[in-house]
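Student: I am new to this structure and would like to learn how to read it with some care. Could we go through it feature by feature?

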Amino acid sequence: VASGFFDLKFGKIIASIHCDLNLLCTEMETKMKLIRKMLTTALLFMVIALSFPYSASAGGSGYVLIEASDNRVIYESNAHQKLPMASTTKVMTAIIAIENAPLEMIVTVPEICTRVEGSSMYLRAGDRLSIRDLLYGLMLSSGNDAALTLAYTIAGSVENFTVLMNEKARQLGANDTHFQNPHGLHDNAHYTTAYDLALICSYAMKNEIFAEIVSTVDKRVNFV
């Protein structure tokens, strides 16, 4: 399970990745309810999780505490160990979308984007909605279908979109991260580290649009 923690009051970010060989996470709805509860307090606690089994080679854990203002490391353990990132992938997906597409642009959902497994905002082929609403579905419902729709809309393919994701990771100094898809479904070539995830999350939380989206408790999506 990969998770990111944001402390707005003290300006610190804890990013952690935990891989348990015996764990198959199936608690997405429970975690989303927890997010909504925690968002009512001064502490913004964001957990993005996706259900998938880990192979024996993917075991391990790492975490890091950094000062968000300057990314100074305060405490860490195995912070540079490469691990699966699950749905925390969507933090980068959101940033790429925010920085590369008009938020009010209306897009049509391709049929291929509705076939993806895992968590979903239940898009149907031919649905029309804005980039902004897709971002809410991406971050609040952890929608894999939203992630794919954003990728195809912005870059024309998953492959082209991950090029943008990996370029952004290099720009942020996340040099031990590699994106293979926009949603986080398991792939041996899709990984990050606790330190890199902290850098990505620190950057994302400085974006006002991203911060507004992840601090939203409920959102009604408008289909055209």
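This is a predicted model: local features need pLDDT of at least 70, side-chain atom pairs count only at pLDDT 80 or more; totals for chains, interfaces and linings use all residues.

Student: Where does Tyr122 sit?

Tutor: Tyr122 is placed in the loop between β5 (106-108) and β6 (128-130). Although Tyr122 and Asp145 are 23 residues apart in sequence, their C-alpha atoms are 7.3 Å apart in space.

Student: How should I read the inside of the structure, and which residues have the most contacts inside the largest nonpolar core?

Tutor: The general idea is to look for buried nonpolar residues that are joined through side-chain atoms within 4.5 Å. In this structure the largest such core has 42 residues, and those with the most contacts inside it are Leu134, Leu135, Leu138, Met139 and Phe210. Two or more residues of this core come from each of the helices α2 (89-100), α3 (131-140), α4 (144-155), α5 (158-171), α6 (194-205) and α7 (208-214). There is also a second, separate core of five residues, among them Val64, Ile66, Ala194 and Ala198.

Student: Which nonpolar residues form a patch on the surface?

Tutor: Tyr63, Ile74 and Tyr75 form such a patch, and together they have about 280 Å² of accessible area. Of these, Tyr75 can be located in strand β4, which covers residues 72-77.

Student: How many disulfides are there?

Tutor: A disulfide is a covalent bond between the sulfur atoms of two cysteines. In this model the count comes to zero disulfides, by the distance rule applied here.

Student: What about charged side chains, and how many salt bridges are counted?

Tutor: Side chains of opposite charge can pair when their charged atoms come close. Here the count comes to five salt bridges, and we can look at some of them in turn. The side chains of Lys168 and Glu99 meet in a salt bridge with an N to O distance of 3.0 Å. Lys168 lies in helix α5 and Glu99 in helix α2, so this pair ties together parts that are 69 residues apart in sequence.

Student: Is Lys168 buried or exposed, and what of Glu99?

Tutor: Lys168 is buried, with a relative accessible area of 11%, whereas Glu99 is partly exposed, with a relative accessible area of 35%. Another salt bridge joins the side chains of Glu111 and Arg115, at 2.4 Å from N to O. In that pair Glu111 is partly exposed at 39% relative accessible area, while Arg115, at 60%, is exposed.

Student: Which residue does Arg72 meet in a salt bridge?

Tutor: Arg72 meets Asp70, and the N to O distance between their side chains is 4.0 Å. Arg72 counts as partly exposed because its relative accessibility is 46%, and Asp70 is also partly exposed, at 47%.

Methods:
Residues are numbered from 1 along each chain as its sequence is written. Side-chain values use heavy atoms; hydrogens and water are left out. Buried means under 20% relative accessible area, exposed over 50%, partly exposed in between (1.4 Å probe, protein chains only). Helices (H or I, at least four residues) and strands (E, at least two) are DSSP runs, numbered from the N terminus. Patches are made of residues with over 30% relative accessible area and no salt bridge: like charges are joined within 9 Å, nonpolar side chains (Val, Leu, Ile, Met, Phe, Trp, Tyr) within 5 Å. Accessible areas come from the Shrake-Rupley method with a 1.4 Å probe; for residues, only the protein chains shown count as cover. A disulfide is a pair of cysteine sulfur atoms within 2.5 Å.
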